[in-house]
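I would like to take you through the model now on the screen, beginning with a term that the later remarks rely on.

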Amino acid sequence: MIAKVLLFLWIAAALAAGFLWAPLVPGLGATTRVLYFHIPAAWITVVALGWSMVHSVLYLRSRRLEHDDHAAAAAELGLLFCVVATVSGAMWAKAVWHSYWNWDPRETSIFFLLLIYAAYLALRSSIENDERRARLSAVYSAIAFVTVPFLIFVVPRIYFSLHPDTIINPSGKIEMDPRIRLGFFAMLIGFTGLFAWILRLKVRLVRIERRTAERATA
Amino acid sequence: MPTRGSSFTVAVWAILRKEWRTEWRTRHGLNASLLFALTTLTAVSFAVGRLGDRTDLMGGLLWIVLLFGSLASLSHAFVREVEGRTLTFLRLVATPAAIGFGKLLFNLAFVLLLELVTVPMFLVLMGGPPPDWPPFLGLLALGGLALASTSTLVGAIVSQTRGRAALFAGVSLPLLLPVMAATVSGTRAQWQHGSIRSEVELLAGFTAAVLGASVLLYDHLWND
Amino acid sequence: MSSGEAAPGPAASRGAAPGRVHAAAAGAVAEPVGVPPRTGPDRTVAAGAPAFRIRASSLAHRYAPGRGLEAIDFAIASPGLIAVTGPNGSGKSTLLRIVAGLLEPSAGRCEVEIDGALLPPAARRARCGFAAPELAFYDELTVGENLEFAAEASGAVDAVARVDAALDRVGLPGRRRDRVAALSSGMKQRLRLAFAILHAPPLLLLDEPESHLDTDGREVLTQLLATQRASGLVLLATNDEREWRRADQRIELHGRGLGDPA
């Protein structure tokens with residue numbers, strides 16, 4: 001309970017700092033503010049995917065359904081954050097480059113992740129038996145894990161890029177005004193907390209549903 | 001029981017021969033895929049006309065036609081086993097990895113056959129300059145291998161669901177996007193006499209990664 | 001994949017009693033490996049028969065909430081004919097599939113040891129023959145092609161000879177060139193039996209082998225069982241009392257049948 005309240009206060013404070021206190025980036029103007037949402041959302045998309053994939057592999061090795069619960073819950077959340085990242089990115093693109101979508105490598109990557117999430121969830125929804133669903137979606141998750149690096153890292157070498165040098169670039173240097181940086185990292189942490197909290201809730205929910213189903217037929 | 005050779009290759013070879021034999025007796029998959037590719041080709045040609053020197057577009061269209069032809073039939077290899085209920089029989093005579101690789105080789109032969117029929121027709125219908133054959137054929141071969149390896153694994157997954165063929169296209173597409181990006185870009189490059197080196201590297205790396213993962217993953221596919 | 005030790009199995013958590021093993025006739029429940037097989041009143045055992053040890057500990061499998069094979073323990077340590085009986089839905093087929101290595105149980109473990117070699121699930125198919133109602137063959141291929149494929153894929157060099165021998169034993173020699181689609185259900189059942197004995201396995205797992213068989217077919221089955229139980233092991237899942245009356249040992253599965261009230 002306390003943690004929930006603290007989380008909300010934290011995010012509220014980070015937002016306030018970002019909108020009221022931190023300056024704007026010179027080239028981006030008012031659109032700077034999107035980075036408090038767009039990049040944390042993209043970050044969580046990747047974290048959620050990683051969490052889901054790790055638990056898929058853990059499921060294959062241990063055959064314990066708890067891992068599948070995590071994989072599925074993380075994927076659903078990841079899809080949500082991915083939509084947020086994609087849409088906020090498109091809005092930003094329209095404001096700055098006057099075009100919603102360009103198949104720029106970053107745009108392509110986030111869209112690709114959207115497709116992976118959607119395919120994974122579509123696959124899950126087509127299997128009723130829970131053991132089979134866990135197993136097959138874990139195998140799919142594993143093969144998706146293998147192909148993801150190719151689209152995220154290798155394809156950009158083939159196409160040129162419009163995207164501003166992002167935080168996630170290989171040189172790793174973060175060139176941001178310290179006040180922006182503070183708000184930004186605070187939002188990053190806030191989003192991560194939000195993800196972790198909702199994930200726990202979802203996993204608990206699935207377990208309760210399963211136990212209820214078992215008791216109902218016992 | 002007396003055995004010969006590596007049991008894996010023996011099993012893969014036996015499965016490959018069996019696949020061809022069963023396919024040849026009915027020709028369902030073959031017909032479906034060729035028909036689909038030709039229909040798509042016709043539609044594209046009708047809509048776009050002769051492309052002449054638009055070599056930037058030709059690669060994309062060619063690979064769309066090949067992709068659709070493949071998606072129409074590469075799931076067939078496993079769906080047929082599930083619908084004929086022969087999966088138990090297959091699992092009792094060969095290891096999961098041998099089943100996977102036997103089907104993979106079959107799907108690869110299938111894709112190459114599809115390319116053999118579709119590509120000449122495409123080139124004739126679209127007009128345009130002749131391709132630079134060595135890189136062009138190399139891309140067709142490597143791209144075909146990447147398509148086949150990914151599709152076989154996804155086909156094995158999807159054959160056990162209720163969606164089956166309908167789900168197959170949607171579920172395999174995200175995984176095939178890197179392949180499409182590389183083949184389209186490479187095909188364009190060879191028409192414009194550029195280097196296809198990075199595309200070939202991507203395709204080779206991708207295929208190696210998928211095949212490597214497959215070796216580990218096929219064992220988990222069937223458990224009933 | 002290894003099956004882990006049983007946690008409180010699905011049966012225990014639902015408060016139902018785990019399945020019990022009933023040993024009928026002269027079978028003992030547990031014997032150490034290496035003890036020579038005993039001869040009972042109903043059978044003689046051939047010399048040189050392999051040593052068997054199949055053991056299930058808290059073996060259970062859940063295929064849906066509240067449905068499945070309930071926890072069972074048993075041990076088999078000698079050649080012979082073991083019957084697996086129980087109401088519909090109690091998991092007879094599931095048990096056979098677990099022993100064959102086709103299915104990993106969701107709880108408990110099942111160990112299969114032949115001639116002192118512990119066989120992990122992936123290695124079992126080479127040493128056991130399996131026949132069940134859901135086993136189907138390729139309709140477009142002939143009887144001979146199906147069996148030759150099976151023999152070749154399993155690595156046999158004398159596939160044609162093996163197939164001939166198996167077809168003779170089940171009484172289908174004239175059917176070699178017939179497509180499977182053209183066979184009657186009785187002949188398909190004999191084909192399943194031919195497949196099961198194709199590589200002369202020491203362990204036979206038969207799920208309702210008597211189904212669809214006519215009088216001649218039953219005679220074939222009786223012969224097969226007699227030969228196999230003398231020097232090998234047969235696990236026979238059946239609802240037919242005539243079949244399990246002849247068994248040396250019986251594993252009885254309890255559990256909610258599909259028709260039982262919840």
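A residue is called buried when its relative accessible area is under 20%, exposed when it is over 50%, and partly exposed in between. Please keep in mind that this is a predicted model.

Let us apply those terms to a pair in chain C. The side chains of Glu241(C) and Arg245(C) meet in a salt bridge, with 3.1 Å from N to O. Glu241(C) has a relative accessibility of 43% and therefore counts as partly exposed. Arg245(C), at 56%, counts as exposed.

A second salt bridge in chain C joins Arg175(C) to Asp178(C), and the closest N and O atoms are 2.7 Å apart. Here Asp178(C) is partly exposed, at 25%, and Arg175(C) is partly exposed too, at 30%.

Now to chain A. Asp69(A) and Arg207(A) meet through their side chains in a salt bridge of 3.8 Å, N to O. Is Asp69(A) buried or exposed? Its relative accessible area is 4%, so Asp69(A) is buried. Arg207(A), in turn, is partly exposed at 29%.

Over all chains, the structure holds 37 salt bridges. In chain B, a network of them links Lys18(B), Glu19(B), Glu23(B), Arg80(B), Glu81(B) and Lys103(B). Two members of that network, Arg80(B) and Glu81(B), are among the buried residues of helix α4(B), which spans residues 76-84. Ala77(B), Phe78(B) and Val79(B) are buried in that helix as well. The cover over the buried residues of α4(B) includes α1, α3, α5, α6 and α7 of chain B. After α4(B) comes Arg85(B), with a positive phi near 60°.

I return to chain C for its overall architecture. Its secondary structure comprises eight helices and nine strands. Of its 262 residues, 54% count as buried. Among contacts between residues at least 6 apart in sequence, 74% join residues at least 24 apart. The accessible surface is about 10,700 Å², and carbon and sulfur atoms account for 52% of it.

Finally, consider strand β6(C), residues 128-131. Cys128(C) and Phe130(C) point one way, Gly129(C) and Ala131(C) the other, and all are buried. Four bridges join β6(C) to β7(C), residues 203-207, and the two strands run parallel. Within β7(C), Leu203(C) is the bridge partner of Cys128(C).

Note on methods: Residues are numbered from 1 along each chain as its sequence is written. Chains are lettered from A and ligands numbered from 1 in the order in which they are written. This is a predicted model: local features need pLDDT of at least 70, side-chain atom pairs count only at pLDDT 80 or more; totals for chains, interfaces and linings use all residues. Side-chain values use heavy atoms; hydrogens and water are left out. Buried means under 20% relative accessible area, exposed over 50%, partly exposed in between (1.4 Å probe, protein chains only). Two strands pair if DSSP finds at least two bridges between them. Contact means heavy atoms within 4.5 Å. Accessible areas come from the Shrake-Rupley method with a 1.4 Å probe; for residues, only the protein chains shown count as cover. A salt bridge is a side-chain nitrogen of Lys or Arg within 4 Å of a carboxyl oxygen of Asp or Glu.
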